[in-house]
Amino acid sequence: QVQLVESGGGLVQAGGSLRLSCAASGRISSSSTMGWYRQAPGKQRELVALMDRYRFTNYAESVKGRFTISRDNAKNTVDLQMNSLKPEDTAVYYCHLRDVRAFWGQGTLVTVSS
């Protein structure tokens, strides 16, 4: 089993920055992909950013140029640096790990005020 614990959410004004962190523990495959999804009120969960073990990345179009994902394979952590935040970035952000299984963190709320 894998456990994912997120931290770093909060309230920020539009144009500000936040950094989310996720620590994974348990039986983690070296081939895993890690990253972030988000779910805004009344909307479906959507991809934000993913990074595989080769450090190839996949970003949602809406966050390209503003968000940066980073990963430390030795520590099994994945971070999301969010800059130039917009009110539409307001959501619960979920850490995600995928190998042959899929795991989710409990979520951390990011609120961007206008």
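Biologist: Is Cys-22 buried or exposed?

Modeller: Cys-22 is buried, as its relative accessible area is 2%; buried means under 20% relative accessible area, exposed over 50% and partly exposed in between, with a 1.4 Å probe and protein chains only. This is a predicted model, in which local features need pLDDT of at least 70 and side-chain atom pairs count only at pLDDT 80 or more, while totals for chains, interfaces and linings use all residues. Residues are numbered from 1 along each chain as its sequence is written, and side-chain values use heavy atoms, with hydrogens and water left out.

Biologist: Which residue does a disulfide join to Cys-22?

Modeller: The disulfide joins Cys-22 to Cys-95, with an S to S distance of 2.0 Å; a disulfide is a pair of cysteine sulfur atoms within 2.5 Å. The structure holds one disulfide.

Biologist: Which parts does the pair tie together?

Modeller: Cys-22 lies in strand E3 and Cys-95 in strand E9 (residues 91–98), so the pair ties together parts that are 73 residues apart in sequence. Strands (E, at least two residues) and helices (H or I, at least four) are DSSP runs, numbered from the N terminus.

Biologist: And Cys-95, buried or exposed?

Modeller: Cys-95 is buried, with a relative accessible area of 0%.

Biologist: Is the link of Cys-22 and Cys-95 left-handed or right-handed?

Modeller: The link is left-handed, with -85 degrees about the S-S bond.

Biologist: Changing topic: how many aromatic pairs does the structure hold?

Modeller: The structure holds one aromatic pair. Tyr-37 and Trp-104 form this pair, which is edge-to-face, at 5.0 Å centre to centre and 75 degrees between the planes. Rings of Phe, Tyr and Trp (its six-membered ring) pair if their centres lie within 6.5 Å; planes under 30 degrees apart count as stacked, over 60 as edge-to-face and the rest as tilted.

Biologist: Where are Tyr-37 and Trp-104 in the chain?

Modeller: Tyr-37 is in strand E4 and Trp-104 in strand E10 (residues 102–104), 67 residues apart. Tyr-37 counts as buried at 17% relative accessibility, whereas Trp-104 counts as partly exposed at 38%.

Biologist: Which residue lies over the face of Trp-104?

Modeller: Arg-45 does, at 4.6 Å from the ring centre. Arg-45 also lies over the face of Tyr-94, at 3.7 Å from the ring centre. A charge sits over a ring if NZ of Lys or CZ of Arg is within 6 Å of the ring centre and within 35 degrees of the ring normal.

Biologist: What is Arg-27 in contact with?

Modeller: Leaving aside neighbours within four places in sequence, Arg-27 is in contact (heavy atoms within 4.5 Å) with Gln-1, Val-2 and Arg-101. Arg-27 is placed in the loop between strand E3 (18–26) and strand E4 (33–39).
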